[in-house]
Amino acid sequence: MKPNVLVVKIEKDRCIGCGACAGTCPVNVLIMKFNDSGLYEPYESPGCLKKCSICLKVCPFYEKDLLESKISKDLYNTKNSYKEIGNFTNTYEFFIKDESSRIESASGGAGYYILSELLNQKKVDKIIAVEPNNNPEMLFKMSVFDNISDLKKSKKSAYYPVNMEDVLKYIIKNDFSYAITALPCFAKAIRLAQKTNPKIRKRLKFVIGLVCGQLKSKKFTQTLADLNFKTHKKLKHIDFRYKIKERPSSNFAFKFTSTDGQMYIDDWLSVSNRKTSPDTFWSSRAFTPLSCNNCNDTFALCADVVLMDAWLPKFTKDWRGHSLIISRNQEIEDILKNIDDDLVHCKIYDYKQVYASQKMVVNAKNKYFNNKLDYITKARLQLQKNSNKDYDNFFKHLDEYCKKNSIYRISILPIRIIKKIIREIKARL
């Protein structure tokens, strides 16, 4: 059998479901569908060309030695470079000053602002980003926007699988200029697609990267919803970043809305129901694709600009949210330098602190990528596998993980106390 993306990637649990293969297949024999784990993967129909290897060339996890850092160095000849941040021009702290717009956004609203300016300044004709879909079987999708009013639909975070099949096909068929938002693995796939397809290379002008620690399957969302509604309900919408007034920005909530109109708000750091809170589901790696273990790119090295939450004590005290930005592209750098101070707070911020805001994510990704696992990361890896391969027994596996996690938390309690004291001291300096 000729090696293709199905044999090489899916059977080895290395498919992330980005859809680059299906979006660039010259004979359209690949289509993205949800698998039993609630993740996208390509399915093949007859007609694959025997000598074609495009699906492999655009796959972000096919060539293990083709690291994001190598692609990034070829793309960005900038004056600065630092650890996993890679090459960059400047780093910023950011928030939109209009309070209602800021609260409606993920973090401080940097993504919506930059994308809006790309449209306003006619640097692109269209924006590709994720929006709610109001479909219980597919709650979010990647869409094409050509006006700022509709672009507002993409302001929130989406911890939910999407894929690029349809939007890449749209780019190939429609001669416009585009900017696209992308997680690190998607950004890498885009750069690989640009090498194989001249239309994507010419038309896709900007890649707006998002910091990522891990993806989640659709079962992550549905299982949390079922726990809160106490029964299975079809979801119409979920707000993954429901901000709670006067609480730390890191203590947000999930707001579920079912198709029959019921709503439930699940606190991210629920104390009363800790074991089945979003925080436990997230940190335990439950419902995380196994392919995430093959990625150690936190800061979207293949993207022109990178956006993230400001997870530092200086910023998390403000419930409305702050963004941190890494700029690598001169045109986007010009947007940030010529910003309207009456509308936006945007100031150069220490790049080492930008790195520090995501250091825990960096360390975790490196552990899984390099297979250097300690007691608790081994337990998380096991729950990750069980949640994807043996969902019927998920809560049994979750109980086993929580017991191991309790032992671990007790063992490191003195270290955590010392680190917290050090953080508080640094925050006051």
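A salt bridge is a side-chain nitrogen of Lys or Arg within 4 Å of a carboxyl oxygen of Asp or Glu. This tour of a predicted model begins with the whole chain and then visits several such pairs.

**The whole protein.** The whole structure holds 20 salt bridges.

**First stop: D304 and R191.** Select these two side chains, which form a salt bridge at 3.3 Å, N to O. D304 lies in the loop between α12 (278-283) and β13 (305-309), and R191 in helix α9, so the pair ties together parts 113 residues apart in sequence. D304 counts as buried because its relative accessibility is 4%; R191, at 7%, is likewise buried.

**Second stop: K188 and E68.** Next, select K188 and E68, whose side chains meet in a salt bridge (3.9 Å, N to O). K188 belongs to helix α9 (residues 184-196) and E68 to helix α4 (residues 68-75), 120 residues apart. Both K188 and E68 are buried.

Salt bridges with shared partners join E99, R102, D318 and R320 into one network.

**Last stop: the surface.** Select K83, K352, K359, K419, K420 and R423, which gather in a patch of positive charge. Helix α18 (residues 394-428) supplies the largest share, three residues. R423 is located in helix α18 and is partly exposed, at 45% relative accessibility.

How values were computed: Residues numbered from 1 in each chain as written. Predicted model: local features only at pLDDT ≥ 70, side-chain atom pairs only at ≥ 80, totals over all residues. Heavy atoms only, no water. Patch = residues over 30% accessible without salt bridge, like charges linked within 9 Å, V, L, I, M, F, W, Y side chains within 5 Å. Areas by Shrake-Rupley, 256 points an atom, 1.4 Å probe, with all protein chains shown as cover. Lys, Arg positive; Asp, Glu negative; His and termini not counted. Charge placed at Lys NZ, Arg CZ, Asp CG, Glu CD. Helix = DSSP H or I, 4+ residues; strand = E, 2+ residues; numbered from the N terminus. Buried < 20%, exposed > 50% of the residue type's maximum accessible area, 1.4 Å probe, protein only.
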